[in-house]
Amino acid sequence: MLDRDGYRPNVGIIIINQQNQVFWGKRVREHSWQFPQGGIKQGETPEQAMFRELAEEVGLLPHHVEIVGRTRDWMKYDVPTNWVRREWRGTYKGQKQIWFMLRLTGKDSDVCLRKTTHPEFDAWRWNEYWSPLDAVIEFKRGVYEAALGELARLIGQQAPLNH
């Protein structure tokens, strides 16, 4: 499902713990780290998609988290042509995302990366909120920085001076 501009509706999820550290998942068989994210299916609201993706990718259910907030508008990123499936080239540009910030109210042991037959992540860790984004694939870094920046105020995070 693409919008008329060639962007696939998607949700991004920033999970924070009690120390305001953020959850990073390591992509299966890759050396890149990212926040959970996934497509919005036909008929789903962004919140419904977020809870589905949260369960599929991280194994967390609604009672394990509380919604702290979400971004006001869609944030877009373009996917380089060489990353796009051949049959989608010319129509698919990238993703447009609504980002949610969730606070883990459960325990670290509630995280389960093997809830589905096709896991997205093979490891996870907590990082400081303003950790460098070097481990995130380059074309997603701008939207990560924008989402972290917009949602930081909800938990009293100030952008570092060198940010």
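The charged end of Arg 125 sits over the ring of Trp 33, 3.8 Å from the ring centre. By that I mean that NZ of Lys or CZ of Arg is within 6 Å of the ring centre and within 35 degrees of the ring normal. A second case involves Lys 96, which lies over the face of Trp 74 at 4.7 Å from the ring centre.

Before I continue, a word on the source: this is a predicted model, in which local features need pLDDT of at least 70 and side-chain atom pairs count only at pLDDT 80 or more, whereas totals for chains, interfaces and linings use all residues. Residues are numbered from 1 along each chain as its sequence is written, and side-chain values use heavy atoms, with hydrogens and water left out.

Let me turn to the overall fold. The protein chain has two helices and eight strands, arranged along the sequence as β-β-β-β-α-β-β-β-β-α. Here helices (H or I, at least four residues) and strands (E, at least two) are DSSP runs, numbered from the N terminus. The radius of gyration, taken over C-alpha atoms, is 15 Å, close to the 15 Å that the globule rule gives for 163 residues, so the chain is as compact as a globular protein of that length. That rule is 2.2 Å times the number of residues to the power 0.38. Along its principal axes the C-alpha trace spans about 45 × 40 × 30 Å. Of the 163 residues, 48% are buried, where buried means under 20% relative accessible area, exposed over 50%, and partly exposed in between (1.4 Å probe, protein chains only).

Next, strand 1, residues 7-16. Nine of its 10 residues are buried. Strand 1 runs parallel to strand 7 (residues 94-104), joined by 10 bridges; there, Ile 13 has Phe 100 as its bridge partner. With strand 4 (residues 37-39), strand 1 pairs in the antiparallel sense over three bridges, and Gly 12 stands opposite Gln 37. Two strands count as paired if DSSP finds at least two bridges between them.

I come now to the aromatic residues. The whole structure holds 12 aromatic pairs; rings of Phe, Tyr and Trp (its six-membered ring) pair if their centres lie within 6.5 Å, with planes under 30 degrees apart stacked, over 60 edge-to-face and the rest tilted. Why is the pair of Phe 35 and Tyr 144 called stacked? The ring centres are 4.8 Å apart and the planes stand at 10°, so the pair meets that description. Phe 35 is buried at a relative accessible area of 0%, and Tyr 144 is buried at 1%. Tyr 144 also forms an edge-to-face pair with Trp 99, 5.2 Å centre to centre and 70° between the planes. Trp 99 belongs to strand 7, 45 residues away from Tyr 144, and is buried at 0%. Elsewhere, Phe 23, Phe 121, Trp 124 and Trp 126 form one aromatic cluster.

Finally, UniProt, in an unreviewed entry, places the short sequence motif "Nudix box" at residues 38-59. UniProt positions are given in the numbering used here, feature names are shortened, and annotations may be inferred rather than shown by experiment. The end C-alpha atoms of residues 38-59 lie 14 Å apart, and the span is 59% helix and 9% strand.
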